[in-house]
Amino acid sequence: PALFRRKDYRPFPWLVPEVAMDFALGLERTDVTTVLRVARNPAAEHADTIRLNGDEIEPAGVWVDDEPASDWRMDGGDLIIPLSGDAHDIRVDTVVAPSANTKLMGLYASDGMLCTQCESEGFRRITFFPDRPDVLSTYRVRMAGPKAQFPVLLCNGNLEAEGAGEGDHHFAEWHDPWPKPSYLFALVAGQLVANSDSFTTMSGREVALNIWVRDGDLPRTGHAMESLKKSMRWDEEVFGREYDLDLFNVVAVSDFNMGAMENKGLNVFNTKYVLADEDTATDGDFDGIEGVIAHEYFHNWSGNRVTCRDWFQLSLKEGFTVLRDQLFSQDMGSAPVKRIEDVRVLRGVQFPEDSGPLAHPIRPDSYKEISNFYTSTIYNKGAEVIRMMRTMAGEQRFRQGTDLYFERHDGEAATCEDFVRAMEDGAGLDLGQFRLWYEQAGTPRVIARLEHDGTTAKVHLSQEVPATPGQPHKRPMPIPLKLALFDRDTYERGEEQLVVLDEAQKTIAFGGFAETPVLSINRGFSAPVTIAREASRDDLVFLAARDDDPFARYEALQELVVRQLKDAVEGKLDSEARDKGELAIGDALSAVLADGNLDDSMRGELLLLPSEGYIAETLAVADPARIHAERRGLRAVLGRMLEAEFVALHDRASAVPFSLDAEARGARKVKAQALVYLADGNPERSAEMAFAQYQGADNMTDRQSALMVLTGLDGVERTNALIDFYNRYQGNALVIDKWFALQASSMHPHCLEHVKALAGHRDFTLKNPNRVRSLYMAFAANPHAFHAADGEGYRMIANLILALDPINPQTASRFVPPLGRWRRIEPGRSALMREQLERLAAADLSRDTAEQVSRSLG
Ligand code: B3K
Ligand code: ZN
């Protein structure tokens, strides 16, 4: 398959200012007529043909300027039509089969309705078109179909006409006045009902809002609607962005490859990110909805009004929009907790990606299949890179930069370079060297050492950027580090400084310290790097107890635990050192449990032990079984050491009545944590408490956290609770997904067998991505089960990939990265992982999966 390179970008020879489409809708067969008005692009090279992309479609007829054309030809899936003049109308007819479309790209059927997914290259599965983001057109769409089957007919933009058609048919005509690339096209037809509301924009325009769902789901749309209105207000207030149509539609679909899609005026969502009430959704689900609703809405400016020139610029819209949704969520809830959560995702997903065979810069140089580049690097590291600009500029100047960016590039398909330049001009930053963040992959490592001499404290900083595939040598990056020094005796903190480490080494001197101070570094996680600091255990205990930067405090605690587990896994701890470390951690956690100044939500973050994946990341070569055993061993020790405190915490939190406010949510979070510690420390007691919590629960958060603990334990409570949960929620797909996921992510020693059995459950299907992910993504992320010593977990994931790839390649290829970690795993398992990758490489795979497999073996 072809390799696409960023350097090869050429503007398309033709402009397509207007598109008119006509859809005769049917689940089995939909007939599509597309008319493109094309004109030579003065900014491009002359061409005597036009290449229209197509994928698994055939032209049923081609006309140029109303005359049937016969001199067209096919090149692979693409349609090539000779054109001699400067402007033409091209009509192409196609026929598509939505019900047979299991890839869920293009026009497909879900649960009896018709919907589309076009980003990145799905539009070419509907009709022939220059399917690239730099071709911007206005769309006029007519759609018609049987009214009983498709009572609701939706498309981008404004509804211009609707009425009765032939026989039992009806039609609707939509017009989107905003020029857009084809990836933002959307169409939905089906039996849907709306939660309708309205929003008045800052300039006083009224916008009609609708959230479209299946009939019975209407009562679960309130939170999504509130989140939407909050997002619209926030984007006006914080970024000065106003909505630009009179209508904003959101549709919830149960078969969807990802979270949601920002189609102009018609966002299509996975039901998972729309539907919620307290009985069926957890607090985490509520947050997910708020964040994704915001993210897609924010794309209306960062993505739609200013779009991407080519897919190499994907982070231009995704990184920026993730930052926007993160800042929004920070403002809606607890900013420090949100920051910690975001860093946890970055470290749990992006850092491993950046240190593995799939590492790539946030602006990649090449790809075979663009779907594989919707990665945590593009999204989450992309957001961190823009956040660093914001940190360096300050909020106000950052806003001047984004204002300039939107003003300069409104209506354009822009590049990352355009964004950086707007930031330089608008925010007054010099980003010359900073551009390296777009070019170089790999997580920089900063080494910090403190030297004390007389009254001067010197902070010696140095950096290393690890080699990544295709980038053996790296240049030093500019790394903005917020740091501060604490006086060890008075606990006083010196002023926080922003130091930009822009060379391989740098030393910063601070005066006025009679004794060696304590260094607090990368406060607020000001740069997406790893820090190796020469801090003693006492320093970490100091910071864990009194750093006034909540992130730094969290970080000190994490580091305390990581060091202990790392040393334990590497066999560096004799029993005395082990006891000492455990006591220090126990004391620190005990202080967290007792600290009256902490809210429970933050307490919950501080109590959470670093994940096994994160610990593995700190080791050159990891033995997953040892990490698992040590981490659980430590939790058992802590669970026993602090048993009374955890029981008291659980009692206190259980007395807080249900509500969605921060206090009650925090209580539910620490309640779950207490159960988790006790599950390892005192399994019987925990089982009793968890079962009681399960039975008494009046909300999904408590019910799920109790069931999670029970699922990891043995006994009749486990079986009874799982049966009860299933029976209670049978028929609610999103909750049954949880039921699958809980068992696949469980600590139970027979998890692997459970997953095998669940794959044969009558509710399991490979056709629904949510269901596939609920069972197998949960499993692949479950270190002890996935890394079974005999390689059975690896084989199971490889089998899944082989079975799923012909059905849904995009979802299948997402399961390759867990196997791609083989280089960083101990030799026995490493060979078994590789064996499965080689088995995959020998099979006939989709372009998506083939690319991931070959890079993983690389
Ligand atoms: N832009 C979409 C992602 C499309 C993925 C295509 N494979 C959702 C989002 O990031 O908002
Ligand atoms: Zn996005």
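In the predicted model, the span of residues 442-532 is 0% helix and 48% strand, and its end C-alpha atoms lie 16 Å apart. To these residues UniProt, in an unreviewed entry, assigns the feature "domain: Peptidase M1 alanyl aminopeptidase Ig-like fold". Two further annotated spans can be described in the same terms. Residues 101-184 carry the UniProt annotation "domain: Aminopeptidase N-like N-terminal", again from an unreviewed entry; over this span the chain is 0% helix and 51% strand, with end C-alpha atoms that are 19 Å apart. The annotation "domain: Peptidase M1 alanyl aminopeptidase C-terminal", taken from the unreviewed UniProt entry, covers residues 538-857, and here the chain is 75% helix and 0% strand, the end C-alpha atoms being 43 Å apart.

Two helix pairs were examined in detail. Helix H9, formed by residues 537-546, packs with helix H10, formed by residues 550-569, at an angle of about 145°, and the axes of the two helices are 7 Å apart. The crossing of H9 and H10 is left-handed. On the H9 side the contact involves Arg 537, Leu 540, Val 541, Leu 543 and Ala 544, which meet Ala 552, Arg 553, Ala 556, Leu 557, Glu 559 and Leu 560 of H10. By residue class, this contact of H9 with H10 comprises 8 nonpolar, no polar and 3 charged residues.

For helix H18 (residues 700-712) and helix H20 (residues 733-744), the packing angle is about 35° and the axes are 9 Å apart. The crossing of H18 with H20 is right-handed. Gln 704, Leu 707, Met 708 and Thr 711 of H18 make the contact together with Lys 738, Leu 742 and Gln 743 of H20, and the residues of this contact divide into 3 nonpolar, 3 polar and 1 charged.

The largest nonpolar core of the model contains 238 residues, and those with the most contacts inside this core are Met 143, Val 188, Val 251, Val 268, Val 274, Leu 675 and Ile 797. Helix H10 gives the most to this core, contributing 10 residues. The surroundings of Val 251 illustrate the contacts of one such residue: when its neighbours within four places in sequence are left aside, Val 251 is in contact with Cys 115, Leu 154, Val 188, Leu 192, Trp 212, Leu 266, Val 268 and Phe 269.

Ser 227 is located in helix H1, which spans residues 222-239, and is classed as buried because 25 other C-beta atoms lie within 10 Å, where 20 or more are required. Beyond its neighbours within four places in sequence, Ser 227 is in contact with Ile 289, Glu 290, Ile 293 and Ala 294. Arg 834, by contrast, is found in helix H27 (residues 827-841) and counts as partly exposed, because it has 18 C-beta neighbours inside 10 Å. Between the C-alpha atoms of Arg 834 and Gly 190, which are 644 residues apart along the chain, the separation is 45 Å.

Technical notes:
Residues numbered from 1 in each chain as written. Chains lettered and ligands numbered in written order. Predicted model: local features only at pLDDT ≥ 70, side-chain atom pairs only at ≥ 80, totals over all residues. Axes fitted to C-alpha atoms, helices over the stretch in contact; angles between N-to-C directions. Helix = DSSP H or I, 4+ residues; strand = E, 2+ residues; numbered from the N terminus. Left-handed = near helix turned anticlockwise from the far one by under 90°. Contact = placed C-beta atoms within 7 Å. Nonpolar A, V, L, I, M, F, W, Y, C, P; charged D, E, K, R; others polar. Core = buried A, V, L, I, M, F, W, Y, C linked by C-beta atoms within 7 Å. Buried ≥ 20, exposed ≤ 12 C-beta atoms within 10 Å, placed from the backbone. UniProt positions renumbered as here; feature names shortened; annotations may be inferred.
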